[in-house]
Amino acid sequence: MPRPTAAQLAYGSCTVIMSTLAMLLLSQTSSGVGIAVIALAALALGLLVALTVPLPKGREAAAGAAGTATAPGTAGAVGSAGAGAVPARVWAPERREAVSAGAESGRRRPSGA
């Protein structure tokens, strides 16, 4: 499992602190059970925020250069693709119709020529 980045730690910690204070002030609870429930809810919210912080562009580019295939719109962790991974973009030539010499299929000549 990769280590959390500094941004993930900062956003998660700030979320835990701010949401705990806000919920304690809004609920005005003084019981131990109420405080414990609020603390657990704040920790869960902080974990959710920390996990949804996008990865830096450097890691995404490194993952793409290493040959890992990711779906469009995903962060793509390094090592998430299997051994038989297919590259994300595969170049395919366009299909063209065969035209014989002198034959103009479907083209009309200009009326003035």
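Because the model is predicted, local features are considered only where pLDDT is at least 70 and side-chain atom pairs only at pLDDT 80 or more, whereas totals for chains, interfaces and linings use all residues. Residues are numbered from 1 along each chain as its sequence is written, and side-chain values use heavy atoms, with hydrogens and water left out.

The protein chain contains three helices and zero strands, where helices (H or I, at least four residues) and strands (E, at least two) are DSSP runs numbered from the N terminus. Along the sequence, these elements follow the pattern α-α-α. Of the 113 residues in the protein chain, 14% are buried; here buried denotes under 20% relative accessible area, exposed over 50%, and partly exposed the range in between, computed with a 1.4 Å probe and protein chains only. The chain exposes about 9,500 Å², of which carbon and sulfur atoms supply 64%, with accessible areas taken from the Shrake-Rupley method with a 1.4 Å probe and, for residues, with only the protein chains shown counted as cover. Among contacts (heavy atoms within 4.5 Å) in the protein chain with a separation of 6 or more, 41% involve residues 24 or more positions apart.

Helix 1 comprises 22 residues and reaches 31 Å from its first C-alpha to its last, which is close to the 32 Å expected at 1.5 Å a residue; the expected span is defined as 1.5 Å times one less than the number of residues. The buried residues of helix 1 are Gln 8, Gly 12, Thr 15, Val 16, Ser 19 and Thr 20. Seen down the axis of helix 1, these buried residues fall within an arc of 120°, so they line one face of the helix, the arc being that of the directions from the helix axis to the C-beta atoms. In general, an α-helix has 3.6 residues a turn, so residues three or four places apart point the same way. The face of helix 1 turned away from the buried side carries the exposed residues Ala 6, Ile 17, Met 18 and Leu 25. Met 18 is exposed because its relative accessible area is 57%, and together with Ile 17 and Leu 21 this residue forms a nonpolar surface patch with about 320 Å² of accessible area.

Helix 1 is followed by Gln 28, a residue in the loop between helix 1 and helix 2. Gln 28 has a positive phi of about 50° although it is not a glycine. Most residues other than glycine have a negative phi. With a relative accessibility of 68%, Gln 28 counts as exposed.

Gly 34, Ile 38, Ala 42, Gly 46 and Ala 50 are buried in helix 2. These residues are on the same side of helix 2, because they cover an arc of only 135° around the axis. On the face turned away from that buried side are exposed residues including Val 33, Val 37, Leu 40 and Leu 43.

The buried residues of helix 2 pack against helix 1, and helix 2 is in turn part of what covers the buried residues of helix 1. Individual residues illustrate this packing. Gly 12 counts as buried at 7% relative accessibility and, leaving aside neighbours within four places in sequence, is in contact with Gly 46 and Ala 50; the C-alpha atoms of Gly 12 and Leu 43, 31 residues apart along the chain, are separated by 8.5 Å. Thr 15, in helix 1, is buried at 17% relative accessibility and touches Thr 20, Leu 45, Gly 46 and Val 49, not counting residues up to four places away in sequence. The C-alpha atoms of Ala 50 and Cys 14 lie 9.9 Å apart, with the two residues 36 positions from each other along the chain.

Notes
Patch = residues over 30% accessible without salt bridge, like charges linked within 9 Å, V, L, I, M, F, W, Y side chains within 5 Å. Salt bridge = Lys/Arg side-chain N within 4 Å of Asp/Glu carboxyl O.
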